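Subject: Handover of a structure and its findings

Dear colleague,

Please find the structure below, followed by an account of what was found in it. I would be grateful if you read the text with the structure open beside you.

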Amino acid sequence: MLTAICGINWGDEGKGRMVDLLSSDYDVVVRYQGGNNAGHTVINERGKFILNLLPSGILREGVVNVMGNGMVIDIKHLFGEIERLREAGVSVTPENLKISAEAVICMPYNVLQDCLEEERLADKKYGSTKRGIAPIYGDKYLKKAVRMGELFDKKRLKERLKDIVEWKNLTITGVYGAKPVTTEEMMDYLTRYGDPFLPYIGDTGLYLDGAAKAGKKIMFEAQLGALRDIDFGIYPYTSSSNTIAAYAPVGAGVPNHKLDLSIGIMKAYSSCVGEGPFTAEYFGEKAEELRKAGGEYGAATGRPRRVGAFDVPASRYGIRMQGADEIALTKLDVLSGFDEIEVCTAYELDGKTITEFPFSADLDRCKPVFTKLKGWKKDISACRKAEDLPQEALDYIRFIEKATGAYIKYVSVGASREAYIVLDK
Ligand code: GDP
Ligand code: MG
């Protein structure tokens, strides 16, 4: 059984929270793309955890976690993330964490490059998390990246790294006028932060293939949402990798397997981190009210997130791109305080009303068309069954279900593990 848990929107839909909940049924949890620009918040009986690189299944005993070939790994960051978990009593060993030899290492000069480029862009910046993600994915496709499996042969690694550093310094010094890095520094870095992971590195594709054939339940955990996918997202305000579920078997190293189930995580309103068009966006006091109610501040960066109404065209597109068979609608409880709840049901583009999500570049000219629904003004965070929900909350769910054509199976009404409702079809 191969299941993908993926984001329908811009990210931060609550994927970490849903993976933590649903992974109780699974034997293996895999991250298949992205790096430590992700921030997945998990709250359970052991405390509150923010995971950037590790699959959310790391918090479940008995679950094997895999960091797939599609990922870019900042080894120093991973080192720190594991230390913090260990301090909280979570065990991380080669038994419950496996790292693909083919995963790429995000280097300190990639982080430097990311920062230098955002500085150069000044007010034209993309809103990068400055964790080196775009530069390292660039290096990967230019075939100038170091992979985790290369840490085993230092002699060979040093030879390759020498050429890479020489090439990278042309950019660092020539383009940005910054201080060059040295091969020695980079080798020291790779030894210091890379070597502790040697027992964890291996052929994770082979492991997963065996696990799938043995009938194990495998969950693929996406970072970010469909609208940040490098191909199908709001380019160039996207991430640098494929976030979509269809990429999961590739980024995990099992392209010979097909997904059995795609579960889309969709937020009951919209939030977006960084720059770029965000059609249903709220501003001023209206935004502040929703931001506060939803605690919309970045898990990785602490930045206030942009917020807005639920966006039907964008979500319907996200559902299609993710091939979502079922949906978990999250953070419905956040909307409890409002008299009326707006939903963006269409866009106006050059005087025409459109309901399909347009080509990214046209989004700049799109204006939201809002419909108003009645609020429920009742705390729903203790509801555990559909019957517990106020009629207006049920109406809101059914409205979204109809407008997006999705099947909403789960409704999350709080951040903790048990705060959810399962709906009948
Ligand atoms: P992810 O990147 O998709 O894993 O999501 P984040 O962790 O970045 O952001 C989701 C935030 O919402 C986290 O702070 C969660 O603890 C919180 N959260 C998740 N589901 C719910 C919910 O149903 N209600 C409320 N109030 N908070 C939630
Ligand atoms: Mg997040």
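A residue is near a molecule if one of its heavy atoms lies within 4 Å of it. By that rule, 18 residues surround ligand 1, and the closest are Lys 15, Gly 16, Thr 41, Asp 333 and Ser 412.

This is a predicted model, in which local features need pLDDT of at least 70 and side-chain atom pairs count only at pLDDT 80 or more, while totals for chains, interfaces and linings use all residues. Residues are numbered from 1 along each chain as its sequence is written, chains are lettered from A and ligands numbered from 1 in the order in which they are written, and side-chain values use heavy atoms, with hydrogens and water left out.

**Ligand 1**

Helices (H or I, at least four residues) and strands (E, at least two) are DSSP runs, numbered from the N terminus. Both α1 and β3 supply at least two residues of the shell around ligand 1; α1 gives the most, with three residues.

Several polar contacts (pairs of N or O atoms within 3.5 Å) can be listed. A nitrogen atom of ligand 1 lies 2.7 Å from a polar side-chain atom of Asp 333. Oxygen of the ligand is also 2.9 Å from a polar backbone atom of Gly 14, and an oxygen atom is 3.1 Å from a polar backbone atom of Gly 414. Taken alone, ligand 1 exposes 580 Å², of which the protein buries 90%; these accessible areas come from the Shrake-Rupley method with a 1.4 Å probe.

**The magnesium ion**

Which residues coordinate the magnesium ion (ligand 2)? They are Asp 12 (OD) and Gly 39 (O), at 2.0 to 2.3 Å. Donors are N, O and S atoms within 2.8 Å of the metal (3.2 Å for Na, K and Ca), and water is not among the atoms, so sites may look incomplete. Asp 12 lies in the loop between β1 (2-7) and α1 (15-22), and Gly 39 in the loop between β2 (28-31) and β3 (40-44), so the pair ties together parts that are 27 residues apart in sequence.

Buried means under 20% relative accessible area, exposed over 50%, and partly exposed in between (1.4 Å probe, protein chains only). Asp 12 is partly exposed at 23%, whereas Gly 39 is buried at 15%.

**Backbone features**

The peptide bond from Tyr 235 to Pro 236 is cis, with omega near 5°. Lys 143, which is not a glycine, has a positive phi of about 65° and is exposed at 67% relative accessibility.

Yours sincerely

How values were computed
A polar contact is a pair of N or O atoms within 3.5 Å; within protein, one must be able to donate a hydrogen and the other to accept it, and residues adjacent in sequence count only if both atoms are side-chain atoms.
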